[in-house]
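Reader: I'm new to this kind of picture. Could you show me how to read one, step by step?

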Amino acid sequence: MDLRDYIRVLRRHLVVVIAATLIGLSAGTLAALLTPQRYEASTQLMVAVDTGDSATSWEMNQANSYAQQVVESYRRVVTSSLVLQPVVDDVGLDFTTQQLASKVDVGVATRGVILTVTVTDANPGQAARIANAIGDSFSTVITDRVEQRDGAAYSIRIVPLQTATVPTTPAAPNVPMYIALGTLLGLGAGIGIALLRGTLDRRIRRIEDVDKAIGPVLGGIALDPKAAARPLIMANAPRDPRAEAYRSLRTNVRFLFPIDETGVFVVTSAGPAEGKSTTAANLAIALGEAGYRVALVDADLRKPRVAGLLGIEGAIGLTDVLIGRVAVNDVIQRWGRGTFFALPAGTVPPNPAELLGSDAMRTLIDDLKAAFDVVIIDAPPVLPVTDAAVLSRLTTGVILVVAADVTSGDHLAAAADRITAADGRVLGAVVTMLPIRGADKTAYGTYGYGALAKS
C-alpha cells in the first residue's frame, strides 16, 4: 500500500475514525470532570552556613561544600516522621505521617542548597498551611537536633526564602490536557482500527486488485441504485453512462477472437449476486446493436435468469434441447428486431453438470458457432458448482464478472484457478457495481463512466 491507498482506506472508514475520536474526547472530558481537584502550595528553604567572622576563605569553601553535600540527606529528612509529626499535631490533621509524606514532594537544584517543598491537597488553604508548617518544623529539627555539634567551626541553619501562599487555581486535573490526550488517543485508535480493517479486508475495490488476482480487466460498470428496476440498461436507457460502459466492453470483447471465427464466451462469476446474468444480457444486446449475430444461452440450469430479464418464455429451452426433446431452432427466440437471439434454460434438471459436459452440449455449441458471430453462455458461479468450469473447455474462454466491494480477491483467484485446472481460459474480468462517489470515486466512478475505449 502506498500513501494514496492509506488515504483511501481512511476516507472509506472516516465514520470509524470520527467515532473513535469523539469517544476519546468524551472519555478525556469525563476523566477530567471525575478527577478530584488538587492544589499545590510550595515553600523554598535555603541551607545556610555560618562560619563566623574569623573564618578563612578555605574554611568558607569547605563549609559551602559541606552544605551541598548534606542537602540530599536533608531532602529525606523533610518527609521523615521527625519533621512531619509536629506538623500533624500543630495543624490538626486527621491522617498519619505516612499519609502526609505521600502528599509532600521535595526538590533540590543540581549542586544547589535550596530545597523546594511542595504539598498537594484538595483544600488550597490547608496545602499552604501544611507547607509552611513543614518549613518551620524542618528548620527546628535541623538546627536543634541534627546540626548540634559542640566546637564546630561553622553551623548550619535553614533560611526560608519563600513562604507558601494559598493557590487560587488547581494543579490537577489539567482539563485541556485531559481532553487533548483523550482526543489524540481516540484519533490514534480510530486510525489504527481503520488501517487494520483495510488490511484485513480482502474485497476487490480497485482495478489493480483484479489485475493482481486474475489478469486484464475488460470493462467496468458503474453502480446504479436503480439497476434492479432497469437491468437491461442497453434497451431501457441506451444513452445512460452504464450503456456506454457496455459498448466499451463490447469493443474489448471483440478483440478476443479473430474476425473470421465465432467467439464463444462463458460469462460467470466467483459467487452469486455479482451481476453475471445482467452483464451477459447487456453485452449480448450491445453486440447485436453493432450488427453481430448473437446467441445468448442461459446455461445456469440451477437458477436461470435470462428469460426473466428479457421477458421471454422460458419453460422450454436448453435442457430440452440437450435431452433431445426439441430442436434448438424450435426454442431459440429472437429478441427485438435485431440479430440477437436468446435460448432460455428450460426445465431445471437434476444433473446440470452432466448435461453441460455432454456430447450434446458440444454439438449444440458447434451448431451455434455455425449460425452466429458471437455466442454468450450465462453459466452458474464457479465456486459453488462445477458447471462453468465444465463449459470453459468447450468455449473460446471465460469472462469473470467481479462485483466491486463484494467479491473477495481470494475467491476471485480461486475461481480463476478452478477454470484453469479444467483446461479453460480466463480471458479477463468485468468489474460491476463500481462506486460513483466516496473514497473510491476517482478510481472507479470515472472508469465506469466510459473511460474504456468506445466503438
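Reader: Okay, confidence to begin with. What average pLDDT does the protein have?

Author: The average is 87, and 91% of the residues score at least 70. Here's the general idea: where pLDDT is low, the predicted coordinates should not be read in detail. In this model, residues 442–455 stay under 50. The model still gives that stretch 39 contacts beyond four places in sequence.

Reader: Got it. And how do I describe helices that pack together?

Author: You give the angle between their axes and the distance between the axes. Take α4, residues 81–91, and α6, residues 124–146: their axes come within 8 Å and cross at roughly 135°.

Reader: Which residues of α4 and α6 meet?

Author: From α4 you have Leu82, Val83, Leu84, Pro86, Val87 and Val91; among their partners in α6 are Ile130, Ala133, Ile134, Phe138 and Val141. Sorted by class, this contact of α4 with α6 has 11 nonpolar, one polar and two charged residues.

Reader: Can we try another pair? At what angle do α10 and α11 pack?

Author: About 75°, with the axes of α10 (residues 241–254) and α11 (residues 276–289) 9 Å apart. That makes α10 and α11 roughly perpendicular to each other. On the α10 side the contact uses Tyr246, Arg247, Leu249, Arg250 and Val253, while the α11 side includes Asn282, Leu283 and Glu289. The class count for α10 with α11 is six nonpolar, three polar and three charged residues.

Reader: Now a strand. Where is valine 159?

Author: Valine 159 sits in strand β4, residues 155–162. Look at alanine 48: it is 111 residues away along the chain, yet the two C-alpha atoms are separated by 6.6 Å. Beyond four places in sequence, valine 159 touches Gln44, Leu45, Met46 and Ala48.

Reader: Last one: which residues does the "transmembrane region" annotation cover?

Author: In the unreviewed UniProt entry, that label covers residues 175–196. In the model, residues 175–196 are 100% helix and 0% strand, with the end C-alpha atoms 31 Å apart. The entry, again unreviewed, also puts "domain: AAA" on residues 275–392. That span is 44% helix and 14% strand, and its end C-alpha atoms lie 19 Å apart.

Conventions:
Residues numbered from 1 in each chain as written. Predicted model: local features only at pLDDT ≥ 70, side-chain atom pairs only at ≥ 80, totals over all residues. Heavy atoms only, no water. Axes fitted to C-alpha atoms, helices over the stretch in contact; angles between N-to-C directions. Helix = DSSP H or I, 4+ residues; strand = E, 2+ residues; numbered from the N terminus. Contact = heavy atoms within 4.5 Å. Nonpolar A, V, L, I, M, F, W, Y, C, P; charged D, E, K, R; others polar. pLDDT = per-residue confidence, 0-100. UniProt positions renumbered as here; feature names shortened; annotations may be inferred. Parallel < 35°, antiparallel > 145°, perpendicular 65-115°, else oblique.
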